[in-house]
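Reader: I would like to learn how to read cavities and helix packing from coordinates. Where do we begin?

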Amino acid sequence: MKDLLLSLSKGIPLDPLPEHPGLDSTVPHAPGRPISLTLNEKKLAIKNSLRYFPSSLHSILATEFLEELNKYGHIYMYRFRPTHYEMKAYSIEDYPAKSRQAASIMLMIMNNLDREVAQFPNELVTYGGNGSVFQNWAQYHLTMKYLSEMTDQQTLTMYSGHPMGLFPSNESSPRVVVTNGMVIPNYSSHKDYERMYAQGVTQYGQMTAGSYCYIGPQGIVHGTTITLLNAGRKYLGVESLVGKVFVSSGLGGMSGAQTKAAYICGAICIVAEVSPAAVKKRHAQNWVMEVYSDLEELFARVKVAVKEKKPLSIAYQGNVVTLWEKLVEEKDIKVDLGSDQTSLHNPFNGGYYPVQCSFEESNRLMVQEPAKFKEMVQETLRRHTTAINILSDRGMKFWDYGNSFLLEASRAKADIIKPGTDGKEFIYPSYVQDIMGDIFSLGFGPFRWVCTSGDPKDLEITDRIAKELIEKLRSQPGVPKNVQQQFNDNHLWISQAGEHKLVVGSQARILYSDCIGRSELAVAFNKAVADGILSAPVVISRDHHDVSGTDAPWRETSNVKDGSQFCADMAIHNVIGDSFRGATWVAIHNGGGTGFGEAINGGFGLFLCGSKLQEDKARMMLNWDVNNGIARRSWSYNDNAENTIKRAMELDSSLRVTIPNHTSDDLINSLNF
């Protein structure tokens, strides 16, 4: 395999120019994008794409790239899609790199583009409909060449998928610094994004797509499991969801986690998905147990499962609005919990499909008749909301899963606004606002690791290390009750993770953990590498959807109450602070799960090779990476966060955080405004 991967060090294949491989018919493809460029902007898009190639090839490639632009609304450079090796995460030892840190990043990039992992691998989209690793295949080849050449005295700068170059730095610097979609605020609309993406000058990195840290749907399963468990506690007053019905939508890269998480919680889960390819993929991967396209048959199966109180995950191959409206008519099935995970950050380009026409017709309309398609989407959103409102009146508890459902429904003039709030609040909560926000404020969030050996045995060892560490941490004196509950949930998760067969792509794991837990896990993994217990280094990272990583008023910071939920200081400080405290690579993005212009989010990767230097980096960086967000949440009047940061200061005398003085509401209300 080493010989096969040597081509990664060669850069863009030019001599000879590769034959065009065509589109791979065995994988799903991104829908076409509406073309909204002027003639001069189209010319610029072609010019921008040709600058990756010598002028001797321009006459050949210019026509080809124009055809791609006209047909797909973007230039992916399909001709340069590699076909002589399988795109997946290989053992770190197989990569042709001078720096092992760089080799680990090459592994992570290839995992994000693995056909079993990526939503649209030929279009370099990992998840969310438009969450891109690169804008085109030339950028992929050039990036891999730079990574193969770089030393630990250089840093690669990535501008929205484009490798700007290797610059001198030092061993303590990040090996890679990534930005995605960083545009001037007044030019951060969805329309601006479409224009700039078509021109090849920016991209939507989602969260872990553009930061090379995606680990397949497992990455969100744990968080979804915790969300469902805590929804049961808060809304239904139960510790188990056995016999309870949960309904949602989406079986894509992130949403595909819902069925597995619901099954782990003991629930009967119905998830609607319009894409036959997505349904087939999740069913083949055993993330969905049964598939139905006939709702009468589906409902009959659900009634049996409820009666038997047996966990069940069902995919309904069809439009979610058809499902919701039929559930309104079906009086014999009580829906206990409901949500939505369609990609409504991208509502008019494949993230949400109208109920009035077929999947295939929708893909045609969004490109050829975008205005009509938008009208149909917004009508569907109104119908979607109406059905949810009726079922909520019957007792169902519904929440927005941070996918901009409530935001886009409000823009469609659906009945979704809470009375008396001047249009600023919705009748349903965001799941962060109502469920996960308190967990973030305790410092618990989606910590991740990847075993770079690719050996499942290494993953089993890390699971055991994590389990034993949780047992140690939860038994220590003075652990608050709400923290103890999180330890117990996470202990159950890591104890069962192996048997649930969650791995898709790299040998990776996710575990919600707090600041102390993350630091101790990193140190333990690093020691296991040093002692030869693990056969190769470990990369640690996290979802950007975390305590400190993202500022997003409709999701991650929706429970911030001092008016700063629209400010992005936390995410920016986080990535800067991570960069000089030891991160191997850092990333900062515009967008994320809620849409371009709706969030700023960032993340990191940190390479653990067993050295004392990397241990010190991990301790320093992870302390900052978590406590930054807790401090911000404490300052915005969150009691959990205030108690957590006070506890952190007691444990570390060098940590000093400004604590708010609390004001009497009676005093404020007594003032003569």
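## Cavities, then helix pairs

Author: We begin with cavities. This model is predicted, and it holds three cavities of 30 Å³ or more.

Reader: How does one find empty space inside a protein?

Author: Rolling a probe the size of a water molecule over the atoms shows where empty space is left. Here, the largest cavity has about 70 Å³ of space.

Reader: Which residues line the largest cavity?

Author: The lining consists of Phe444, Ala466, Leu469, Ile470, Leu473, Phe487, Asn490, Leu511, Tyr512, Ser513, Gly517 and Leu521.

Reader: Which element gives the largest share of the lining?

Author: Helix 16 does, with four residues.

Reader: How many nonpolar, polar and charged residues are in the lining of the largest cavity?

Author: Nine are nonpolar and three are polar.

Reader: Now the helix pairs. At what angle do helix 16 and helix 17 pack?

Author: Read the angle with the axis distance. Helix 16 (residues 456-474) and helix 17 (residues 481-496) pack at about 160 degrees, and their axes are 10 Å apart. Angles over 145 degrees count as roughly antiparallel. Helix 16 and helix 17 are therefore roughly antiparallel.

Reader: Is the crossing of helix 16 and helix 17 left-handed or right-handed?

Author: The crossing is left-handed. On the helix 16 side, the contact is made by Asp463, Ala466, Lys467, Ile470, Glu471, Leu473 and Arg474. Helix 17 brings Gln484, Phe487, Asn488, Asn490, His491, Ile494 and Ser495.

Reader: How does this contact divide by class?

Author: The contact of helix 16 with helix 17 has five nonpolar, five polar and four charged residues. Now check those names against the cavity. Ala466, Ile470, Leu473, Phe487 and Asn490 are among the contact residues, and these five are also among the lining residues of the largest cavity.

Reader: Give me a second pair. At what angle do helix 7 and helix 8 cross?

Author: Helix 7 (residues 218-236) and helix 8 (residues 257-264) cross at roughly 50 degrees, with axes that come within 8 Å. That makes helix 7 oblique to helix 8. The crossing is right-handed.

Reader: Which residues make the contact of helix 7 and helix 8?

Author: Helix 7 uses Ile220, Val221, Thr224, Thr225 and Leu228. Helix 8 uses Ala257, Gln258, Lys260, Ala261, Ala262 and Ile264. By class, the contact of helix 7 with helix 8 has seven nonpolar, three polar and one charged residues.

Conventions
Residues numbered from 1 in each chain as written. Predicted model: local features only at pLDDT ≥ 70, side-chain atom pairs only at ≥ 80, totals over all residues. Heavy atoms only, no water. Axes fitted to C-alpha atoms, helices over the stretch in contact; angles between N-to-C directions. Helix = DSSP H or I, 4+ residues; strand = E, 2+ residues; numbered from the N terminus. Parallel < 35°, antiparallel > 145°, perpendicular 65-115°, else oblique. Left-handed = near helix turned anticlockwise from the far one by under 90°. Contact = heavy atoms within 4.5 Å. Nonpolar A, V, L, I, M, F, W, Y, C, P; charged D, E, K, R; others polar. 1 Å grid on protein atoms, 1.4 Å probe; cavity = no way out; pocket = protein on both sides within 12 Å on 5 of 7 lines; lining within 4 Å. Points joined across faces, edges and corners; volume = space filled by probe spheres on them.
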